[in-house]
Amino acid sequence: MKIHEYQAKGILAEFSIPVPQGGLAKTASEASGIAAGLGGKVVIKAQVHAGGRGKGGGIKTASSPEEAERLAGQLIGMQLVTPQTPPQGVNVRSVLVEEAVQYGRELYLGIIVDAAAGGPVMMVSAAGGMDIEEVAAKTPEKIFKAHIDPLIGLQPFQGRKLAYGTGLPQAQVRPAADLMANLYQAFQAKDCSLAEINPLVITADGKLVALDAKLNFDDNALYRHPDIREMRDPSEEDPLEVEASKYDVSYIKLSGSIGCLVNGAGLAMATMDIIKLMGSEPANFLDVGGGASTEKVANAFKILVSDPSVKTVLVNVFGGILRCDIVATGIVEAAKELDIRVPIVVAMRGTNVEQGKQILADSGLSVILASDLNDAAQKAVAAEKSQRG
């Protein structure tokens, strides 16, 4: 789960990480009032779940409350397009109005879970700011890393080593190491999957301040954090993903045109891989899970087909706890409520496979049966291409 910058900064402040003073404004007049309380000179930042806002015109500087009101009025309601938004952009519903901070250097600081290493990794770079992605791609040697043992946490020597790697002067090494330790505490305590400060700036008086902040959370741990669950903003999420979450369906919207319905995350990944190998693109990741009911399968199928970009459906099921007849019944139940005009390719193996095939055959649906995943992918890609003409 993602949250907005202003929410992330509130959490960082709980862990003694310095952040600029500011407030959230949903109207231009509110922005003016906040700016007046901060002395007039402020930065106005669009609050959306996407990075690259500076490059997209989503961050403005105002020198007075009147200018803050004018600029906030321009931002609120606009469709902001950045390198990390869909092509049509995202709607800006609120802005963060913060005191303008005078600073010199920009650093990058972040923590993610390194799957290969089996634990968190902290990364720092002296080349922070808007072009950190380019730094990572072209000059990765400028990014310094420390793998963290979850049993003992980030050690002081690791923080100092990272601070020295950024070229900080001696007087700022210990404060930087302390800030890193605080960020890791927040990462661990809140069950984050990502914690990022970019940029972490050094102010004119030598202090470290988190000028921007991004926190993502492990969905599977949200039951432990009702306060964080309340921070969710469904308006920033894909409507189909929001709908899928209501039924506990793992669904992620992608950019392709072959919709996938699969049981099991590994099988779903393999299905998407072979679609790409065959020269097409998956429209989604969708895992109904191993113990799905007929109703859950039906709801998942409805969500899948309601995506206008889907030109072909590929169902790939390995029947175990989730029997093939349950999947087939779910598809048929969903089809009764839908006007399906796209080809449906089905590959079934495992428990009650013959019953599942018979249910589909008796349904009257135009289903293309496949013998295995390779055959299913070939048939799905061919059907998708015929749909495109």
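**First stop: Glu67**

Select Glu67, which has a relative accessible area of 22% and is therefore partly exposed (buried is under 20% relative accessible area, exposed over 50%, partly exposed in between, with a 1.4 Å probe and protein chains only). The model is predicted, so local features need pLDDT of at least 70 and side-chain atom pairs count only at pLDDT 80 or more, while totals for chains, interfaces and linings use all residues. Residues are numbered from 1 along each chain as its sequence is written, and side-chain values use heavy atoms, with hydrogens and water left out.

Glu67 lies in helix H3, residues 65–75 (helices are DSSP runs of H or I with at least four residues, strands are runs of E with at least two, and both are numbered from the N terminus). Apart from neighbours within four places in sequence, Glu67 is in contact with Thr61 and Ala62 (contact means heavy atoms within 4.5 Å).

**Confidence**

Colour by pLDDT, the predictor's confidence in each residue from 0 to 100. The chain averages 92, and 99% of the residues score at least 70.

**Helix H12**

Select residues 353–363. Which residues of H12 are buried? They are Val353, Gly356 and Leu360. Seen down the axis of H12, these buried residues fall within an arc of 65°, so they line one face of the helix; the arc is that of the directions from the helix axis to the C-beta atoms. The cover over them includes helix H11 (324–335), strand S17 (344–350) and strand S18 (367–370). On the face turned away from the buried side, look for the exposed residues Glu354, Ala361 and Asp362. Just after H12, Gly364 takes a positive phi of about 85°.

**Helices H9 and H13**

Show residues 265–277 (H9) and 373–388 (H13), which pack at an angle of about 50° with their axes 9 Å apart. Axes are lines fitted to C-alpha atoms, for helices over the stretch in contact, and angles run from 0 to 180 degrees between N-to-C directions. H9 and H13 are therefore oblique to each other (under 35 degrees is roughly parallel, over 145 roughly antiparallel, 65 to 115 roughly perpendicular and the rest oblique). To see where they meet, show Ala270, Thr271, Ile274 and Ile275 in H9 with Leu373, Asn374, Ala377 and Val381 in H13.
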